[in-house]
Amino acid sequence: MAPRPALLATATAAVAVALIPLVYLGVRTAEAGWDRVRAELLTTEMLRLAATSLALTAVTTGACLILGAGAALLVTRTNLPARRFFGVLAALPLAIPTYVGSYGWISMLDGFYGFWPAVVVLTSCCYPYVYLPTAAALIGTDPAVEEASQALGRNQWQTFTGVTLRQIRPALVAGGLLVALYVLSDFGAVAMLRVTTFTSAVFTSFNLGFDRTGALVLSTALVAVTLLILGAELATRRHDARYAKIGSGVRRPAAVLPLGAWRIPAVLALLAVAAGSFAVPTAALLHWVGEGVSRPGSLTDIATAAGNSLTVSALGTALTMFLALPIGLLSARAPGPLAILIDRLTYLTHALPGLVIGLSLVFFGIQVAYPLYQTTWLLALAYAALFLPLAVGAVATAAAQAPPSLEEAARSLGRGPLTVLRTVTVPLTLPGIGAGAALVFLTCMKELPATLLLRPTDTDTLATELWTHTSVAAYAGGAPYAALLVLLSTGPALILARRTLNPKDRP
């Protein structure tokens, strides 16, 4: 149960810090009393919210699995023309926040509101969460297993469904889980597109209806839905399955599948996805950006907001990676029930709306840690609570691929645990740490509701300035902030995209 007690204790402390908002949610909900909770839960409105939220999550996740897996297969395993270009293009929507995507569509098309427009926007912005890990898994799989399958008489389709798909299954499940939790907790897109989900109802209860208890109960119901999704994901795991190579494996890329007559349709399909996910928001930004910097002093405001975004995102990334390191190492080096429990606990706050996280930490700052109130450290804690699973997954994957024998050799030579961590473990997992940091930084840049609540006074970011303008339909005024936000987010997205390319396709 605890083969590494020191690592277990450190990981437990790290997840306890991330669960501070969830603890507040439980305490305040319990204060409302069971009668009030039952009255809020057993209503037709709650059933409608649950149905809409679950339907939006299911449809969007299914669409993202199809688009993400299809794009990854085309880019990594076929003779698709310009594979490097399409590999980067498929990851670029990660730089588009959902509220920026919504802003682009509704500013260009009248009446673009409702459930299906929300599916379009969320799918176009979220499918890279499936594409990135799936493409990396396809590159990392051992082609010898597929070659053995074909040598036994199976055709390419049977080999793909029976061998390749099973090898990349963990990446597909992990990507689908991230998409599902993201859609459940999204606020910006559903608010702009006028879809009533749990998150928009929580916002209404807090800010418009002044019903804090009702919002807490709704948030608790959202946590319950998250637990069901996590339980379903855990139940689909095959604990007897093996995905690692035996020995060094085959050091060559897998065979390229010829598309034949499907090359042109494949190119057109990828271009259509890119047009909906990246071209439309970009065209809208270019249309409005000229008018957005017309007033005197606006360039200074934009530069200040950009500096604030970079500062708080860097601080949030540093804290998140610091907390993720022991949890990821525990999952890779000491797998077991406790490691699985700690890993899954990080997903609970990830699924909470940023609004709930923000209000929880406002209460925590005022009542418990007042010196942190109205500081960037409290905002960084919100980012860590929201995005810890993104960092944990990257660290755990990198640590699992690093041979533990090197750490054992260092300890046998008399080095202490901290020295081994600093000189052996961290350097071995540095690629995963870098990828996780890029993903967390990118996500911190795009975060909106918690930033609105927790940013220090007179500290506006690109996201908050964009929201301020778009909430009053000032599309021209918000365009420069949106354009710069996308531009700054493109760098981390390109870093992540490079990891999904075959080595021979990398620049």
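## Helices α6 and α7

The residues in contact (heavy atoms within 4.5 Å) are Thr98, Gly101, Ser102 and Trp105 on the α6 side, and Val120, Val121, Leu122 and Cys125 on the α7 side. By class, five of these residues are nonpolar, three are polar and none is charged (Asp, Glu, Lys and Arg count as charged; Ala, Val, Leu, Ile, Met, Phe, Trp, Tyr, Cys and Pro as nonpolar; the others, Gly among them, as polar).

The axes of α6 (residues 98-108) and α7 (residues 115-126) approach within 9 Å and cross at roughly 130 degrees (lines fitted to C-alpha atoms over the stretch in contact, with angles from 0 to 180 degrees between N-to-C directions). The two helices are therefore oblique to each other (under 35 degrees is roughly parallel, over 145 roughly antiparallel, 65 to 115 roughly perpendicular, and the rest oblique).

## Basis and overall composition

The structure is a predicted model, in which local features need pLDDT of at least 70 and side-chain atom pairs count only at pLDDT 80 or more, while totals for chains, interfaces and linings use all residues. Residues are numbered from 1 along each chain as its sequence is written, and side-chain values use heavy atoms, leaving out hydrogens and water.

The protein contains 24 helices and zero strands (DSSP runs numbered from the N terminus: H or I of at least four residues for helices, E of at least two for strands). Of its 507 residues, 53% are buried (under 20% relative accessible area with a 1.4 Å probe, protein chains only; over 50% is exposed, and in between is partly exposed). Among contacts with a separation of 6 or more, 84% join residues 24 or more positions apart.

## Helices α1 and α16

The axes of α1 (residues 5-18) and α16 come within 8 Å of each other and cross at roughly 130 degrees, which makes α1 oblique to α16. This crossing of α1 and α16 is left-handed. Helix α1 contributes Leu7, Leu8, Thr10, Ala11, Ala14, Val15 and Val17 to the contact, and α16 contributes Leu323, Pro326, Ile327, Leu329 and Leu330. The contact of α1 with α16 comprises 11 nonpolar residues, one polar residue and no charged residue.

Ser313 also belongs to helix α16, which covers residues 298-333. At 1% relative accessibility, Ser313 is classed as buried. The side chain of Ser313 lies 2.7 Å from the backbone oxygen of Ser309. Leaving aside residues up to four places away in sequence, Ser313 touches Phe441, Cys444 and Met445.

Helix α23 (residues 462-470) is largely enclosed by the rest of the structure, because eight of its nine residues are buried. The buried residues are Leu462, Ala463, Thr464, Glu465, Leu466, Trp467, His469 and Thr470.

Leu41, in helix α3 (residues 34-41), is partly exposed at a relative accessible area of 30%. Leu41 and Val217 are separated by 176 residues in sequence, yet their C-alpha atoms are 7.5 Å apart. With residues up to four places away in sequence excluded, Leu41 touches Met46, Val217 and Ala221.

## Loop residues with positive phi

Arg194, which is not a glycine, has a positive phi of about 60 degrees. Arg194 occupies the loop between α12 (188-192) and α13 (198-208) and is exposed, with a relative accessible area of 61%.

Gln374, likewise a residue other than glycine, has a positive phi near 60 degrees. Gln374 lies in the loop between α18 (354-367) and α19 (376-401), and its 31% relative accessibility classes Gln374 as partly exposed.

Note on methods: A polar contact is a pair of N or O atoms within 3.5 Å; within protein, one must be able to donate a hydrogen and the other to accept it, and residues adjacent in sequence count only if both atoms are side-chain atoms. A crossing is left-handed if the near helix is turned anticlockwise from the far one by less than a right angle, and right-handed if clockwise.
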